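Here's a quick tour of the model you're about to open. Have your viewer ready and follow along.

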Amino acid sequence: MKEISVRTTVRTQLVNITSQVASALSELDPGATLCHVFVPHTTAAVVINEAADPDVARDLAAAYQAMVPKIPFTHAEGNSDSHLLATLLGSSVTLPVDDGRIRLGTWQGIFFVDLDGPRSRRVWVSTGR
Amino acid sequence: MKEISVRTTVRTQLVNITSQVASALSELDPGATLCHVFVPHTTAAVVINEAADPDVARDLAAAYQAMVPKIPFTHAEGNSDSHLLATLLGSSVTLPVDDGRIRLGTWQGIFFVDLDGPRSRRVWVSTGR
Amino acid sequence: MKEISVRTTVRTQLVNITSQVASALSELDPGATLCHVFVPHTTAAVVINEAADPDVARDLAAAYQAMVPKIPFTHAEGNSDSHLLATLLGSSVTLPVDDGRIRLGTWQGIFFVDLDGPRSRRVWVSTGR
């Protein structure tokens, strides 16, 4: 397992970590068929989506916040919206690996999603075969 | 593969199954690098989120119900909201395994999410390496 | 890795690909314990849900569209709603495999979800063990 560090600068932010995941994978099992990317935080997530136009990541961040229902929350830290979105987006993604490299579609990238930043965050990369 | 049983008591409920998953894993491949937790139901899901403050799980259950759009549904059983949330939250989670143990962040736990309880439910735990 | 082709006919559509995934799996590793189904597109997803009543898939398609928040989007292609739903539903599912066969619950099927069709799409099937 390899650990990646991510530094976010605003509360809701998508950070493209594709090259960091690829680099971590190259130091793990060369015969892997699967790459697993895991976020060990409860107010952050990881998704795969378009990496070409940065407007997409900005639209996603705005839409996530707009989807949070306007209901009273109980959790004393005041960030139940972040926990909610973390469970909807998911704590991990799994990618196919071929000949030691991540296989992604033409427009896809891997994005760390901070939902309660700015913070210093970690991502764990593992393999399966 | 090992099967876990979960009994829920209300319609929408998160049940912390972390220790049951850890126990199932200990009876599977000791050399595993990945642990896969799968829900074989269409109105339930599994998520990873905060296990320290039980208010978080309660806030999540309330927020899931509040996010269901108020549109007419066709499915005759009347639980299309449960199917909808099951697809958004997901039927499985995958976790890194190191030295035979699940690796989770400090505040994370694994939660079975019933979206159409109360029922007796099952969860399947598998490994990859 | 095996590739599946899917042809959609409307903008938002769920297509049951369970038998195609099972067929692809039978040509891959017979000793696999996990089956990974990956969508290499940024405006499509894959989910597991009820395959018995086709009304469920229709209700899901309608509900996904109804959940998109009514906010102004920046991305020039005008399909930020599709990117949003793709990240919420997810780019892949992972299934347990036993004795060379996918293990699913009684009512479950695997659905390709087009969120910006009609298009010709691809799905990649891989294994882990």
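## A buried strand in chain A

Let's start with strand β7 (residues 108–114) of chain A: seven of its seven residues are buried, so the strand is largely enclosed by the rest of the structure. Buried here means that 20 or more other C-beta atoms lie within 10 Å of a residue's own; exposed means 12 or fewer, partly exposed is in between, and C-beta atoms are placed from the backbone. Strands (E, at least two residues) and helices (H or I, at least four) are DSSP runs numbered from the N terminus.

Before going on, some housekeeping: this is a predicted model, where local features need pLDDT of at least 70 and side-chain atom pairs count only at pLDDT 80 or more, while totals for chains, interfaces and linings use all residues. Residues are numbered from 1 along each chain as its sequence is written, and chains are lettered from A and ligands numbered from 1 in the order in which they are written.

Which residues of β7(A) point which way? Q108(A), I110(A), F112(A) and D114(A) go one way, G109(A), F111(A) and V113(A) go the other, and all are buried.

## Its partners

β7(A) has pairing partners, where pairing takes at least two DSSP bridges between two strands. Strand β2 (residues 13–16) of chain A pairs with β7(A) in the antiparallel sense over four bridges, and N16(A) has F111(A) as its bridge partner. Strand β4 (residues 44–50) of chain A also runs antiparallel to β7(A), joined by seven bridges; there, V46(A) is partnered with F112(A).

## The sheet in chain B

Over in chain B, look for an open, antiparallel sheet of three strands in the order β2-β7-β4. β2 (13–16) and β4 (44–50) of chain B each have a single partner strand and stand at the edges, so one side of each is left without a neighbour in the sheet. On average, neighbouring strands of this sheet are turned by 35° against each other, direction ignored. The axes behind that angle are lines fitted to C-alpha atoms (for helices over the stretch in contact), and angles run from 0 to 180 degrees between N-to-C directions.

## How the chains meet

Chain A can be laid on chain C by a turn of 120° and a shift of 0.0 Å along the axis, with an RMSD of 0.0 Å. That's the relation of a three-fold axis. The superposition is least squares on C-alpha atoms of residues with pLDDT of at least 70 in both copies.

The contact between chains A and B takes 28 residues from chain A and 31 from chain B, counting residues whose C-beta atoms, placed from the backbone, lie within 7 Å. On the chain A side, α3(A) gives the largest share, six residues. That side divides into 12 nonpolar, 15 polar and one charged. Nonpolar covers Ala, Val, Leu, Ile, Met, Phe, Trp, Tyr, Cys and Pro; Asp, Glu, Lys and Arg are charged; the others, Gly among them, are polar.

The contact of chain A with chain C takes 31 residues from chain A and 27 from chain C. Here α2(A) gives the most to the chain A side, with nine residues, and that side divides into 16 nonpolar, seven polar and eight charged. Only 19% of the interface residues of chain A are also interface residues in chain C, so the copies meet through different surfaces.

## One residue at a contact

H75(B) sits in the loop between α2 (54–67) and α3 (80–89) of chain B. H75(B) is partly exposed, with 19 other C-beta atoms within 10 Å. Leaving aside residues up to four places away in sequence, H75(B) touches S80(B), D53(C), D55(C), V56(C) and D59(C).

Conventions
Contact = placed C-beta atoms within 7 Å.
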